[in-house]
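Let's take a friendly walk through the packing of this protein, with an eye on its rings and its nonpolar side chains. Have the structure open as you read.

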Amino acid sequence: MPRKQDKAGTSRTAASVAKAAGAVKSPRDGWALYRKPVAAILVVAVLLGVLVWDGSQPSPSGDVTQATDGGRGGREFLSMPAAASTASMPQTAAVQRQQLVQQVVQADQALCQYQSGTRYPPGSRPVSQHPDQIYPNQPVAESHAMRKPDGTADKAVQIATTQSHVYLAAGEKAVFTVRASDAQGQPLALQVEKAVAKGLSFAGQKESAALALNMNDSGQDGDTRAADGIYSATLQPAQSGFASFHGTLRTEVSYTVAGKPGRIFFDVVYSPELPATWVAGVRESTEAGQLRFTLRANVRLPGRYLVSARLDDAQGKPFALLSFNDVLPQGLNDIPLIVAGNLLRDGQAQMPLRLRDVDAYLLRENVDPDRLLMPRLEGQVAVSKTYALNIFSSEEWQSDERQRYLMEFGKDLQQAKNALRQLDPEVERNGYPQSECRTAGNSNTATTAGTSPQRLVR
């Protein structure tokens, strides 16, 4: 896996940089957009779902009977004999009731969180669940103390860098910048000695040739403004000796500040082959209570493709993250990006909606790099018509897997309630305790992000 190193020699994987930048997700996530919020719920359910009564507290009758789950994993609930008198041992009965109440609350929390977290389909998620994916084409920005070649840090000098892209498709380019300041943020004079790009090789691979880059502060080769103290360089593999290189390209920059030397590395992952290309035009339709944007691609290499797109409302607020994950054959293919009707209604989407920043790649299993990138579609791609929200379905997303989980969580909750009712029959009349998730009304989870784009800094 490619790595991005800081000047101390410590390193991070390019995948972590990609996540910070909102770049294309790790391909091994599969339906990651759905599983990320759900995975946390399932862990909580497994670890906290049901407290097992170990019999350490004596019951009024001197023993504890178990109400099992009928073979569904051996979960156990405290159960009291129907004729037990809590009056004879009020303190013990109160402790036991507290345990049973906690069981009910935890089982209700697990059911409620799973239900609310999966009410939308995997390919249509509230953008609030994926804040790192909102602006995928913003530069990755970093700032830290200058690291010298010997690995020590000079806190008196702060180095700020940006990197426009982490993943590059054929024909795309990356721009790197570096500048220096003192501890109070005042600019310091920086001089770049050299900037060299090289393809990283691993055991048994042939070393690639090095390429010198023009990192300058003269308004050329990616530098936007001359003499502003910000040095910039552009790496465009297709226009260099890296045109056929597939893998991680590392750019090493050597510089000095007040005569003191420093180094910085920039890594990008380059795929020289386009597995598919986009066909112009986006179709829009409403089907089965949902809003559908249909893109078209000319697929050259068949396989599993992962596509992501962002949806903003009429005020420009990020609203949803849409995705596609399926196998495509060779030739022309439709790629549907579906906005769930209940997501539109829960979030009170302001029409028209704007589809933007589409990225896609072909997944390559068990190889490195693990993807072949399609050209990214930056900026606005399509604008929807204006619809009344009541034409869209308010129904929750359903699947066989979701129904199985809901059934199992429901059984756990019912067993916990039965155990509590056996000790305290009045609870059925007075009402069972509920979790914070339930009392907060978390059945609707569609929320939007803030209006101001945030630069993602690692």
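## Charges over rings

In this predicted model, Lys-417 places its charged end over the ring of Tyr-432, at 5.1 Å from the ring centre.

## Aromatic pairs

The count of aromatic pairs is six. One of them joins Tyr-387 and Phe-392 edge-to-face, with 5.8 Å from centre to centre and 70° between the planes. Both Tyr-387 and Phe-392 are buried.

Tyr-405 and Phe-409, in contrast, are stacked, with their centres 6.4 Å apart and 25° between the planes. These two residues sit four apart in helix H5 (residues 400–423), about one turn of the helix. Tyr-405 counts as partly exposed because its relative accessibility is 31%, while Phe-409 is buried because its relative accessible area is 9%. Together with Tyr-114, Tyr-405 and Phe-409 make up one aromatic cluster.

## Nonpolar cores

The largest nonpolar core has 36 residues, and those touching the most other members are Trp-278, Phe-293, Leu-311, Leu-337, Leu-344 and Leu-355. Among the elements that each supply at least two residues of this core are strand S16 (276–287), strand S17 (290–299) and helix H4 (341–346).

A second, separate core holds 27 residues, including Leu-168, Ala-180, Leu-249 and Phe-266.

Note on methods. Residues are numbered from 1 along each chain as its sequence is written. This is a predicted model: local features need pLDDT of at least 70, side-chain atom pairs count only at pLDDT 80 or more; totals for chains, interfaces and linings use all residues. Side-chain values use heavy atoms; hydrogens and water are left out. A nonpolar core is a set of buried Ala, Val, Leu, Ile, Met, Phe, Trp, Tyr and Cys residues joined through side-chain atoms within 4.5 Å. Buried means under 20% relative accessible area, exposed over 50%, partly exposed in between (1.4 Å probe, protein chains only). Rings of Phe, Tyr and Trp (its six-membered ring) pair if their centres lie within 6.5 Å; planes under 30 degrees apart count as stacked, over 60 as edge-to-face and the rest as tilted. A charge sits over a ring if NZ of Lys or CZ of Arg is within 6 Å of the ring centre and within 35 degrees of the ring normal.
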